[in-house]
Amino acid sequence: MIKKLTPYIGEFKLPSLLTPLCMIAEVVCEMVIPLMIASLVDDGVTVGNLKHVVVMGLAMAAVSLLGLLFGSLGAIWGAKASTGFSRNLRQGMFEHIQTFSFANIDHFSTAGLVTRLTTDVTNIQNAYQMILRMCFRAPISLICAIFMAFRVNSQMAMIYVWALLFLSVCLVIILSSTMKIFPKVFEKYDELNASVQENVSAIRVVKAYVREKFENTKFKAASGNLYNLFVKAERRMMIVMPLMQLTVYSCILLISWKGAHLIVGGTLTTGELMSLFTYCMNILMSLMMVAMVFVMVSMSMASARRISEVLSEDSSLTNGEKPVMEVADGSIDFEDASFAYKKDGAEVLSHIDLHIPAGSTIGILGGTGSAKSSLVQLIPRLYDVTGGCVKVGGLDVRRYDLDTLRGAVAMVLQKNVLFRGTIYENLRWGDENATDEQCREVCRLACADEFIDTFPDGYETMVEQGGANLSGGQKQRLCIARALLKNPKVLILDDSTSAVDTATDARIRAAFAEKIPGVTKLIVAQRISSIQHADSILVLDDGRISGFGTHEELLSTNPIYQEVYRSQIRPEDEEGGEA
């Protein structure tokens with residue numbers, strides 16, 4: 001896990017090195033000051049040596065300023081190193097997620113990925129800064145203070161040792177039970193983020209069904225679970241402060257009592273007693289900082305494991321050796337292809353044999369759950385077959401460079417996704433270098449120009465996130481236009497004209513036949529009118545091919561197609577001819 005994360009320190013190695021060095025220098029300055037105080041009292045104030053008082057006073061001020069300088073530099077470099085580390089880590093995670101296949105993304109929930117990119121990375125950032133500063137400062141300060149205390153008086157220093165042992169045992173007991181809680185906390189963060197994400201993305205549905213109270217209750221439960229876990233952890237941690245105060249005050253009393261006897265006996269000076277009081281606070285505060293480091297590190301370890309899971313997840317879809325960088329044509333072949341979403345799961349597609357010539361138009365029909373979408377998602381290799389193979393342009397899709405393959409296959413998914421920006425900006429997802437005229441041309445083919453021209457700002461109209469300010473049919477037509485802008489060899493429309501009226505649907509099909517005759521077109525549809533004029537129609541039933549042929553052939557031979565046709569075509573349509 002550490003090997004996975006440390007490379008993301010990257011260009012911030014120098015600040016990461018300078019921070020602990022500055023902390024060590026600050027500790028040295030702090031350790032020297034008590035000795036100077038002892039000298040000022042014993043050799044200056046007690047004997048009335050004003051010159052020594054002034055010299056030591058100035059020296060103490062200089063050392064204090066030097067310690068302040070080192071402390072400030074440590075804080076600046078520590079902040080730079082930790083924020084830079086978190087920036088690199090977050091960027092690295094995001095870029096790695098971009099390589100994921102659909103199967104990899106299915107492995108992590110969206111809310112879980114959001115939590116990892118935000119809360120978990122922030123925990124790592126805070127812990128890294130704490131490690132660079134406190135993890136070096138506190139132990140060194142602790143060791144130096146004990147050493148200096150023994151140098152002053154070994155009998156008095158033993159009081160610190162016993163106090164240190166007592167506090168260490170107590171902290172180990174408290175922290176060992178507390179650290180088990182933190183991994184559960186981040187699971188609850190996932191649930192909280194999932195509740196927010198679902199509510200915001202589906203707010204129209206929530207309001208349409210008047211489910212605000214239900215959503216409030218669900219969020220309150222998720223928030224309450226998080227609250228309860230933090231309270232449970234804090235209840236255990238709250239014991240630390242009273243224990244610390246008890247130990248500090250006990251040490252002060254013991255040092256005062258023992259020190260008074262030693263001063264009377266002449267084996268300890270007043271200045272040395274004052275320095276021992278200073279070392280007492282240094283030792284116990286250092287121990288407190290060590291405890292804080294342990295808490296922060298324990299929290300960050302849970303976050304680090306979650307981040308490492310994402311970074312360790314290898315994409316299930318990768319390029320092979322010497323990938324092919326050009327797709328010859330739009331021909332598609334399924335050769336005994338089978339597919340299951342999970343390795344040991346049930347097959348959703350079984351033994352598909354299908355051969356589609358380049359430039360042909362194929363309709364795909366089937367009931368809900370017949371695996372229509374699963375079939376077409378194998379073509380641009382969004383998933384890999386679990387048996388057999390899929391070929392595009394005569395080659396197995398696994399032999400192609402992924403970007404090359406997906407550049408040649410344009411796919412309009414069932415869920416139409418648009419991004420915040422102008423219509424031009426959304427269209428240029430298909431080709432970032434497309435001219436305005438090219439954008440307008442594909443919009444004419446997709447019949448999107450009909451509504452775009454009615455907008456006051458035309459193609460400069462702002463599209464809200466997810467296309468919230470557009471109708472379902474308008475979003476579908478923009479997504480089709482965006483796909484056409486890729487100038488693909490294969491165009492897949494996965495039920496992407498369902499929200500378009502039949503007349504517009506017919507115009508889109510006619511434009512395709514006239515303007516892009518060489519592109520292989522696969523049209524997944526529920527309406528027979530959308531596909532009946534296709535070169536061939538594929539009928540799927542429970543992941544298997546039920547029929548493949550023209551509209552007339554299927555109408556006379558395939559029971560499923562006949563049933564769908566009878567349910568959709570009115571008697572007067574049959575009498576007047578197919579439309």
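Are phenylalanine 451 and phenylalanine 455 buried or exposed? Both of them are buried. Keep in mind that this is a predicted model.

**Rings that pair up**

Let's stay with the aromatic rings, where the count comes to 7 aromatic pairs. One of them joins phenylalanine 85 and tyrosine 128, whose ring planes stand at 50 degrees, so the pair is tilted. Phenylalanine 85 belongs to helix α3 (residues 50-98) and tyrosine 128 to helix α5 (residues 110-152), so this pair ties together parts that are 43 residues apart in sequence. Phenylalanine 85 is buried, at 5% relative accessible area, and tyrosine 128 counts as buried too, at 13%. The pair from the opening question, phenylalanine 451 and phenylalanine 455, is edge-to-face.

Here are the two pairs side by side:

| Pair | Centre to centre | Angle between planes |
|---|---|---|
| Phenylalanine 85 and tyrosine 128 | 4.8 Å | 50 degrees |
| Phenylalanine 451 and phenylalanine 455 | 5.8 Å | 65 degrees |

Elsewhere, ring pairs link Phe339, Tyr341 and Tyr383 into a cluster.

**Charges over rings**

Rings also meet charged side chains. The charged end of arginine 211 sits over the ring of phenylalanine 214, 4.2 Å from its centre. Arginine 440 lies over the face of tyrosine 459, with 5.3 Å to the ring centre.

**A look at helix α15**

Helix α15 spans residues 436-445, and its buried residues are Cys439, Val442, Cys443 and Leu445. Seen down the axis of α15, they fall within an arc of 155 degrees, so they line one face of the helix. What do these buried residues of α15 pack against? Their partners are α14 (423-427), α16 (449-452), α17 (472-484) and α18 (502-515). After α15 comes cysteine 447, which has a positive phi, near 60 degrees.

How values were computed:
Residues numbered from 1 in each chain as written. Predicted model: local features only at pLDDT ≥ 70, side-chain atom pairs only at ≥ 80, totals over all residues. Heavy atoms only, no water. Buried < 20%, exposed > 50% of the residue type's maximum accessible area, 1.4 Å probe, protein only. Helix = DSSP H or I, 4+ residues; strand = E, 2+ residues; numbered from the N terminus. Arc of directions from axis to C-beta. Contact = heavy atoms within 4.5 Å. Phe/Tyr/Trp six-rings, centres within 6.5 Å; stacked < 30°, edge-to-face > 60°. Lys NZ or Arg CZ within 6 Å of the ring centre and 35° of its normal.
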